[in-house]
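Here's a quick walk through the model, starting with the whole chain and then stopping at a handful of residues. Keep the structure open as you read.

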Amino acid sequence: MIVSIDEKSIPLIKEMLKEQDKEAVRIKKCGVGWGGLQLEIVLDEQKENDDVVIYQDIKILADKSFSFFFTSALITHKDGMFGPRFKLTTKQ
């Protein structure tokens, strides 16, 4: 698993992890649709079956059952009406 975080998102993620007392950012599988895996970025704790990447002192997690999909992925965010919305972009 190779995942990085956009430079503008790093301070925001660190602040959110501290505020919510979480240890990591998780790439979570929500299901499978026509476009492939449906993913969500959430704050979470490490679990036994996780692949782990440390990027700029931020722990990024994904379950080993699908983490092999992320050979070159980038976590970014956009500010929205209800706060930041995180997105994972992968190279195909």
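## The overall picture

The protein has an accessible surface of about 6,300 Å², and carbon and sulfur atoms account for 51% of that area. Bear in mind that this is a predicted model. As for burial, 29% of the 92 residues in the protein are buried.

What is the fold made of? You'll find one helix and seven strands. Reading from the N terminus, the elements go β-α-β-β-β-β-β-β. The radius of gyration is 13 Å, close to the 12 Å that the globule rule gives for 92 residues, so the protein is as compact as a globular protein of that length. Along the principal axes, the C-alpha trace spans about 30 × 30 × 20 Å.

## Contacts and charges across the chain

Take the contacts between residues at least 6 apart in sequence: 49% of them join residues at least 24 apart.

## Lysine 59 and its partners

Lysine 59 sits in strand β5, which covers residues 58–63. Which side chains does the side chain of lysine 59 make polar contacts with? One is the side chain of glutamate 23, at 3.0 Å. Another is the side chain of glutamine 46, also listed at 3.0 Å.

Leaving out residues up to four places away in sequence, lysine 59 touches Glu23, Ala24, Val25, Gln46, Val52, Val53 and Ile54. Of the elements named here, strand β2 takes in residues 24–33, and strand β4 takes in 50–55.

Most residues other than glycine have a negative phi. Glutamine 56, though, has a positive phi of about 50° without being a glycine. Aspartate 57 is another non-glycine residue with a positive phi, near 70°.

Aspartate 57 counts as exposed at 71% relative accessibility, since the cut-off for exposed is over 50%.

## Along strand β2

Lysine 29 is one of the residues in strand β2. Lysine 29 counts as partly exposed, at 39% relative accessibility. Setting aside residues up to four places away in sequence, lysine 29 touches Leu37, Gln38, Leu39 and Phe66.

At 24% relative accessibility, glycine 31 counts as partly exposed, because the buried class stops at under 20%. Glycine 31 and threonine 89 are 58 residues apart along the chain, and their C-alpha atoms are separated by 17 Å.

## Lysine 47, between β3 and β4

Moving on to another lysine: lysine 47 lies in the loop that runs between β3 (36–44) and β4. Its relative accessible area is 48%, which makes lysine 47 partly exposed. The side chain of lysine 47 makes a polar contact with the side chain of aspartate 44, at 3.1 Å.

How far from lysine 47 is the C-alpha atom of aspartate 63? The two C-alpha atoms are separated by 8.3 Å, while the residues are 16 apart along the chain.

Last stop: serine 9, in the loop between β1 (3–5) and α1 (10–19). Is serine 9 buried or exposed? Serine 9 is buried, with a relative accessible area of 0%. Not counting residues up to four places away in sequence, serine 9 touches Ile75, Thr76 and His77.

Terms used
Residues are numbered from 1 along each chain as its sequence is written. This is a predicted model: local features need pLDDT of at least 70, side-chain atom pairs count only at pLDDT 80 or more; totals for chains, interfaces and linings use all residues. Side-chain values use heavy atoms; hydrogens and water are left out. Helices (H or I, at least four residues) and strands (E, at least two) are DSSP runs, numbered from the N terminus. A polar contact is a pair of N or O atoms within 3.5 Å; within protein, one must be able to donate a hydrogen and the other to accept it, and residues adjacent in sequence count only if both atoms are side-chain atoms. Contact means heavy atoms within 4.5 Å. The radius of gyration is taken over C-alpha atoms; the globule rule is 2.2 Å times the number of residues to the power 0.38. Buried means under 20% relative accessible area, exposed over 50%, partly exposed in between (1.4 Å probe, protein chains only). Accessible areas come from the Shrake-Rupley method with a 1.4 Å probe; for residues, only the protein chains shown count as cover.
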